[in-house]
Amino acid sequence: MNILERYHAMEYGPAPEARNEADAWLAGRDFSKALFIGGDWKAAGGGKTFDTSEPSSGKLLAKVSDANAADIDAAVAAAAKALPKWSASSGYQRAKVLYAIGRAMQRHQRLFAVLETIDNGKPIRESRDIDVPLAIRHFIHHAGWAQALDRDFPGQKGVGVVGQIIPWNFPMLMLAWKIAPALAAGCTVVLKPAEFTPLTAILFAEICERAGVPKGVVNIVQGGPEAGAAIVNHPGIQKIAFTGSSEVGKIIRKATAGSGKKLSLELGGKSAFIVFEDADLDSAVEGLVDGIWFNQGQVCCAGSRLLVQEGIADALIAKVKTRMSRLRVGSPLDKNTDIGPLVDLTQLDRVKGLIAEGARQGAVCWQPDATLPSSGYYHLPTLATGVSPANILAQEEVFGPVLATMTFRNTEEAIELANNTRYGLAASVWSENVNLALHVAPQLKAGVVWVNGTNMFDAACGFGGYRESGFGREGGREGMFEYLAAKLPLGPVIKQATSSAQPVEQADGVAIDRTAKLFIGGKQVRPDGNYSLAVATAKGKLAGEVGLGSRKDIRDAVSAARACKSWPEATAYNRSQVLYYLAENLSGRAEEFAARLTELTGANAKAARDEVELSIERLFLYAGLADKFEGRVHQPPARAVTLALHEPVGVVGIVAPDNQPLLGFISLVAPALAMGNTVVAVPSERYPLLATDLYQVIEYSDVPAGAINIVTGRTAELAGVLAKHDDVDGLWLFADADTCAKAEAESIGNLKRVWSGNGRSLDWASEEAASDVFLRRAIEVKNVWVPYGD
Ligand code: NAD
């Protein structure tokens with residue numbers, strides 16, 4: 001045997017990480033008093049506990065207090081009590097606390113890592129080298145944001161008491177992603193870890209005690225869905241931040257509808273791992289190991305769909321199989337282990353069930369020849385080939401060590417396959433041609449794209465999804481906004497529209513046959529039902545009629561908006577010129593619009609002229625900002641740059657207000673257009689003629705067909721159709737509270753981004769109504785990670 005042969009024949013010896021410190025911590029703690037509320041350790045009011053056990057053996061680790069609704073009440077009360085002082089404390093004071101947490105965690109880094117591995121089953125290499133260091137980095141990074149709050153977020157303030165609910169797959173990291181930005185923003189929190197993995201959060205609460213976090217600023221409650229639901233429904237909470245499954249995310253969206261609570265949802269995924277034929281295959285294979293077998297595949301952004309270009313598919317699959325055969329499955333505390341157990345028996349059974357169903361649907365499932373430990377919830381890494389795009393393994397989030405493989409012929413097909421999912425969390429693109437990779441990245445419907453890499457995270461770079469992967473971002477600047485609220489000058493409560501009750505009789509000189517049509521796909525079209533709606537003047541006479549839009553008209557308008565590719569693909573400079581041109585053409589008809597405002601709203605001549613002038617000014621503003629509200633470049637502590645790109649949300653439905661009907665309409669439509677969205681707008685039900693009068697202005701302004709669609713009619717009905725339409729990506733409503741609440745509840749089909757004034761109007765003439773708040777709503781931030789160096 002020569003040296004090389006000997007080397008290859010060598011076996012790994014066991015290299016277990018010591019667990020005595022963690023065991024001593026477990027033995028020394030009273031877990032029946034595990035609720036950290038107002039700085040005290042409390043038993044659950046109902047006296048109940050739940051079990052947490054060790055996935056590698058199934059052995060019980062602790063019986064942990066299970067909070068009931070009264071405990072959640074107490075935690076919210078403690079957070080509310082602590083809020084005034086904490087939110088009024090200086091950024092520097094909060095920065096010191098965040099930094100102290102980070103430093104204290106650093107001192108107990110090893111205990112955190114071992115405890116995380118014992119409770120969750122993830123390999124110690126991962127908890128030691130990734131989860132815990134990243135969590136620490138999060139606190140230290142956010143110390144800076146606390147101090148930079150006034151400078152970097154003018155006009156914003158912390159939302160208040162925040163309820164946070166996290167999953168079991170990255171217990172410590174998810175806790176850090178939630179708590180750090182909240183504290184930096186001056187919020188106080190009630191956080192609930194997942195019931196499978198309560199332990200590191202308890203240790204974290206101890207750290208809070210030592211790091212000088214004021215009592216009540218951080219409250220950590222333990223329990224399952226019931227405790228979670230009590231947080232979601234608690235009236236004393238101003239924001240819910242949730243990470244977990246899309247199913248529960250939808251329940252939460254519905255439960256919070258109409259409550260005025262701010263909401264961010266970080267949900268599941270089915271991320272594509274795209275390998276082009278010019279990729280470095282060995283690197284791609286290592287990437288795959290990280291992409292899908294990291295944390296046993298129990299990763300929201302796992303690269304669970306391998307899309308490989310046809311010509312290299314066999315070669316890549318052969319390499320993947322060889323590499324899979326070398327993955328070491330075993331004790332998660334062993335430093336050589338690549339794959340530990342799944343978190344729980346239920347999870348193991350679920351994964352097995354999905355594989356069996358995938359196989360039944362035609363997939364060929366391959367596993368390396370390895371023996372599993374005799375106890376614990378282990379599962380072999382699994383490769384599924386021959387997977388059709390409709391196979392359950394290609395569509396459903398398995399949340400286990402299962403890779404589904406498909407092939408593609410060319411770039412267009414790769415993009416189409418990658419986007420063929422209801423999720424949109426992440427994607428990896430592998431090619432040695434950076435031009436190709438950066439051509440593909442913007443076309444992927446995913447919040448994070450890694451070029452020649454995978455699963456890279458950093459506190460400075462936003463993370464979060466498109467579509468059913470949820471909304472909101474965690475990390476960096478955009479993550480801070482999730483815990484801040486703009487100080488918008490909200491006006492009086494909006495009453496339900498009453499146009500049907502308008503007594504109408506013909507005004508002098510108005511021809512009744514001048515019924516304004518709808519504006520869809522660049523054309524003026526009759527409403528599907530051929531009905532119209534009478535519009536009254538301020539004096540109660542008939543001013544004209546507009547089409548009574550219906551479900552079918554909204555559907556046509558959404559199709560036209562979706563089909564309009566030239567607007568989102570236009571350069572920002574192009575869009576800016578079109579918006580300037582709109583402003584110019586509106587200005588040419590200013591007198592006419594002012595007269596219309598006076599006729600309809602009764603505004604005096606000066607007020608009407610001012611509103612028209614301000615509308616023109618606003619178009620000018622957003623024309624100018626179209627090519628200025630840009631993304632950023634982050635420099636994370638890795639050999640990579642992260643391009644935080646601003647992308648349009650997509651098709652945005654806009655339900656415009658009655659007050660200042662021209663200015664309100666333009667203040668909403670213009671920023672959406674400026675950022676490259678296509679729009680389906682429902683103008684004020686009471687004053688729709690101000691929008692229909694714009695048709696000609698739009699037609700003369702080079703706006704591409706389908707970029708703006710206008711459907712007049714009943715606000716509540718049309719808002720409901722927009723909310724339920726799964727091809728609408730965002731919905732902005734300035735309507736009555738009932739319409740807003742229903743729209744939020746009905747938006748869960750595709751988890752569209754709903755933004756409403758919760759039934760309050762806005763002073764559209766105010767400075768705040770022409771601010772970045774609108775532009776931020778008009779974009780998704782996509783973080784594209786581009787590595788450098790050899
Ligand atoms: P889950 O949705 O079942 O549970 C998540 C949390 O919600 C737990 O704390 C649970 O107790 C709580 N919960 C359950 N029902 C609730 C209800 N009705 N009301 C309020 N709270 C409730 O998810 P899970 O199985 O713990 O975690 C796995 C999921 O999390 C996967 O889908 C994964 O993709 C997702 N995830 C997403 C991200 C992300 O950043 N996008 C990160 C990690 C995990």
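**Backbone torsions and helix packing**

Author: D702 lies in the loop between α25 (694–699) and β30 (708–710), and the model in which we read its torsion is a predicted one.

Reader: What is phi of D702, a residue other than glycine?

Author: Most residues other than glycine have a negative phi. In this structure, phi of D702 is near 65°, a positive value, and D702 is exposed, with a relative accessible area of 57%.

Reader: Is L751, which also has a positive phi, buried or exposed?

Author: L751, with a phi of about 50° although it is not a glycine, sits in the loop between α27 (737–746) and β32 (753–756), and L751 counts as buried because its relative accessibility is 0%.

Reader: How should I read the packing of two helices, and at what angle do the axes of α11 and α12 cross?

Author: Two packed helices are described by the angle between their axes and the distance between the axes. Here the axes of helix α11 (residues 281–293) and helix α12 (residues 313–325) come within 10 Å and cross at roughly 55°, which means that α11 is oblique to α12. The crossing of α11 past α12 is right-handed.

Reader: Which residues make the contact between α11 and α12?

Author: From α11 the contact draws on L281, D282, V285, E286, L288, V289 and W293, and from α12 on A315, L316, K319, V320, R323 and M324. By class, nine of the residues in this contact of α11 with α12 are nonpolar, none is polar and four are charged.

Conventions
Residues numbered from 1 in each chain as written. Predicted model: local features only at pLDDT ≥ 70, side-chain atom pairs only at ≥ 80, totals over all residues. Heavy atoms only, no water. Axes fitted to C-alpha atoms, helices over the stretch in contact; angles between N-to-C directions. Helix = DSSP H or I, 4+ residues; strand = E, 2+ residues; numbered from the N terminus. Parallel < 35°, antiparallel > 145°, perpendicular 65-115°, else oblique. Left-handed = near helix turned anticlockwise from the far one by under 90°. Contact = heavy atoms within 4.5 Å. Nonpolar A, V, L, I, M, F, W, Y, C, P; charged D, E, K, R; others polar. Buried < 20%, exposed > 50% of the residue type's maximum accessible area, 1.4 Å probe, protein only.
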